[in-house]
Amino acid sequence: MVNPNIQLISTPKASPAGGHYSQATISNGLIFVSGQLGFKPGTNEIEDGDIKQESLNCLENLRLILEECGATTNDLVKVTIYISDVEYWPVVNSVYADYLGEHKPARAIVPCNALHHGFNVEIEAIAKANTIIINN
């Protein structure tokens, strides 16, 4: 049974969910965005590029999901970034800082082993919900 207190969010603008999960959920005034890989936004296509492009794609998919929820990256309160190698930390941190500008939510960068589909970056987040989404 679906919990009526949790809204399931999906948008074709961001990369589609590839498993049994929602792109995001909204509950108790918070948006929980599932881990976003570096797929080209709106597709499940792997775009040729480097760690910078992959990071940008993750962030853009995240932004598009937040937009569907009536939020922006300025509503982010906690971000977790998974990287396949700690050597990527400086580049990912730089792309992230440029993308978010002055906004500095709580964050962790977690070095781990290989990520799904051979990606090197995955980003999940929690943001403040500003509106209630109806008919999603």
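Which residue in β6 does K78 stand opposite? K78 stands opposite I126. The model is predicted, so local features need pLDDT of at least 70 and side-chain atom pairs count only at pLDDT 80 or more, while totals for chains, interfaces and linings use all residues. Residues are numbered from 1 along each chain as its sequence is written, and side-chain values use heavy atoms, with hydrogens and water left out.

Strands here are DSSP runs of E with at least two residues, and helices are runs of H or I with at least four, numbered from the N terminus. Strand β6 covers residues 121-128. Two strands pair if DSSP finds at least two bridges between them.

| Strand joined to β6 | Bridges | Direction |
|---|---|---|
| β3 (residues 30-36) | Five | antiparallel |
| β4 | Seven | antiparallel |

Along β6, the side chains of V121, I123, A125 and A127 point to one face and are buried. Buried means under 20% relative accessible area, exposed means over 50%, and partly exposed lies in between, with a 1.4 Å probe and protein chains only.

F119 is placed in the loop between β5 (106-111) and β6. F119 counts as buried because its relative accessibility is 4%. Contact means heavy atoms within 4.5 Å. Leaving aside neighbours within four places in sequence, F119 is in contact with L37, G38, F39, I46, E54 and S84. F119 and I46 are 73 residues apart along the chain, and their C-alpha atoms are separated by 8.8 Å.

S84 is found in the loop between β4 (76-83) and α2 (89-100). The side chains of S84 and N120 are joined by a polar contact of 2.6 Å. A polar contact is a pair of N or O atoms within 3.5 Å; within protein, one must be able to donate a hydrogen and the other to accept it, and residues adjacent in sequence count only if both atoms are side-chain atoms.

**S15**

S15 is found in the loop between β1 (7-9) and β2 (24-27). With 4% relative accessibility, S15 also counts as buried. The S15 side chain reaches the backbone oxygen of K40 at 3.4 Å, and one of its polar atoms lies 2.9 Å from the backbone oxygen of T43.
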